[in-house]
Amino acid sequence: PSLAAGSLDGAAGTVGVKRSTVRRLPVPVALQASEQELLNQVVDYYHQTLLASPEALAYLDKRGLGGLVDSEHARELVVKFRLGFANRTLGLRLPQARVKAGGELRARLQGLGVLRESGHEHFNGCLVVPVFDDAGNVTEIYGRKIGDKVEGPAHLYLPGPHRGVWNAQGLQGQEEVILTEALIDAMTFWCAGYTNVTAAYGVEGFTEDHLATFGRCGVRRVLIAFDRDEAGERGTAKVVERLTAAGLE
């Protein structure tokens, strides 16, 4: 039955309808966006999250990659490469799965690999490093867990084959480039002023995209800076073989 306005005022022992006084934050991705637009918007959201996260910024500074480091390149790194931080708030700001629009949007983000089947964010607790193509679209995402107690893998990527080359624009016109094993290593070189640098996706992660980009950019010589351990040495040997076969020094 309907109730007249104010009929519950002062009525002892009655229970009224409780309304949340917390304003729901806007959804950070567009419901009608394409898959590529969704991925781009997720990266933009993670970037804004990092800028507001003392925890993530402190991790970057600890690794020599943050804005407090006495380096012009380090201060530029975060913004230029749109580094981000996943802290679970993306999932909290999406429409509920029981709502049709929310269920569809979550399913699409699961298809992209941003959400897992459980509904949790794939990169939760990670520094997020996106890889862009020449048009500024995200082709790959690398996540590095930053907490003291890391559960599960410390290094994460989007599912499927790796696509794209980090800092490809920085290699344009460079006859000599540096190739590291991991993106954190590449960013360390970049912050030290060696901006002609890119990274493989781990010791087994040198791809045809890397070879194609080197050829397109006019690269002639590659300095390989993998980790100095058994896996790094083994990976280096494989990369050397592929580079030599492609006519690169």
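Q: What is the relative accessible area of K238?
A: K238 has a relative accessible area of 40% and is therefore partly exposed, where buried means under 20%, exposed means over 50% and partly exposed is what lies in between, with a 1.4 Å probe and protein chains only. This is a predicted model, in which local features need pLDDT of at least 70 and side-chain atom pairs count only at pLDDT 80 or more, while totals for chains, interfaces and linings use all residues. Residues are numbered from 1 along each chain as its sequence is written, and side-chain values use heavy atoms, with hydrogens and water left out.

Q: Which residue does K238 form a salt bridge with?
A: Its partner is E204, with the closest N and O atoms 3.0 Å apart; a salt bridge here is a side-chain nitrogen of Lys or Arg within 4 Å of a carboxyl oxygen of Asp or Glu. Because K238 sits in helix α9 (residues 230-245) and E204 in the loop between β6 (197-199) and α8 (208-217), the pair ties together parts that are 34 residues apart in sequence. Helices (H or I, at least four residues) and strands (E, at least two) are DSSP runs, numbered from the N terminus.

Q: And E204, buried or exposed?
A: E204 counts as exposed, at 54% relative accessibility.

Q: How many salt bridges does the structure hold?
A: There are seven. In one of them E249 pairs with R221, the closest N and O atoms being 3.4 Å apart. That pair links distant parts of the chain, with E249 in the segment after α9 and R221 in strand β7 (residues 221-225), 28 residues apart. E249 is exposed at 62% relative accessibility, whereas R221 is partly exposed, with a relative accessible area of 36%.

Q: Where does the one between R234 and E230 sit?
A: Both residues belong to helix α9, and because they are four residues apart there, about one helical turn separates them. R234 is partly exposed, with a relative accessible area of 42%, and E230 is exposed at 65% relative accessibility. As for networks, salt bridges that share partners join E176, R221 and E249 into one.

Q: Staying with α9, what span does the helix reach?
A: From its first C-alpha to its last, α9 reaches 23 Å with its 16 residues, which is close to the 22 Å expected at 1.5 Å a residue; the expected span is 1.5 Å times one less than the number of residues.

Q: Which residues of α9 are buried?
A: G232, G235, T236, V239 and L243 are buried. They cover an arc of only 105° around the axis, which puts them on the same side of α9, the arc being that of the directions from the helix axis to the C-beta atoms. On the other side of α9, the residues E230, E241, T244 and A245 are exposed.

Q: What about L243, how far is its C-alpha from that of R220?
A: The two C-alpha atoms are separated by 9.7 Å, although L243 and R220 are 23 residues apart along the chain. L243 has a relative accessible area of 3%.

Q: Which residues are buried in α2?
A: In helix α2 (residues 54-62), A56, Y59 and L60 are buried. Seen down the axis, the buried residues of α2 fall within an arc of 100°, so they line one face of the helix. P54 and K62, on the other side of α2, are exposed.

Q: Switching to pockets, what is the volume of the largest one?
A: About 380 Å³ of space lies in the largest pocket. On a 1 Å grid over the protein atoms alone, a pocket is an open set of points with protein on both sides within 12 Å along at least five of seven lines, and lining residues have an atom within 4 Å of a point. Grid points are joined across faces, edges and corners, and the volume is the space filled by probe spheres set on the points, the probe being 1.4 Å.

Q: Which residues lie nearest its centre?
A: Of the 20 residues that line the largest pocket, R88, H120, E121, N124 and G125 lie nearest its centre. By class, the lining of the largest pocket has five nonpolar, eight polar and seven charged residues.

Technical notes
Nonpolar A, V, L, I, M, F, W, Y, C, P; charged D, E, K, R; others polar.
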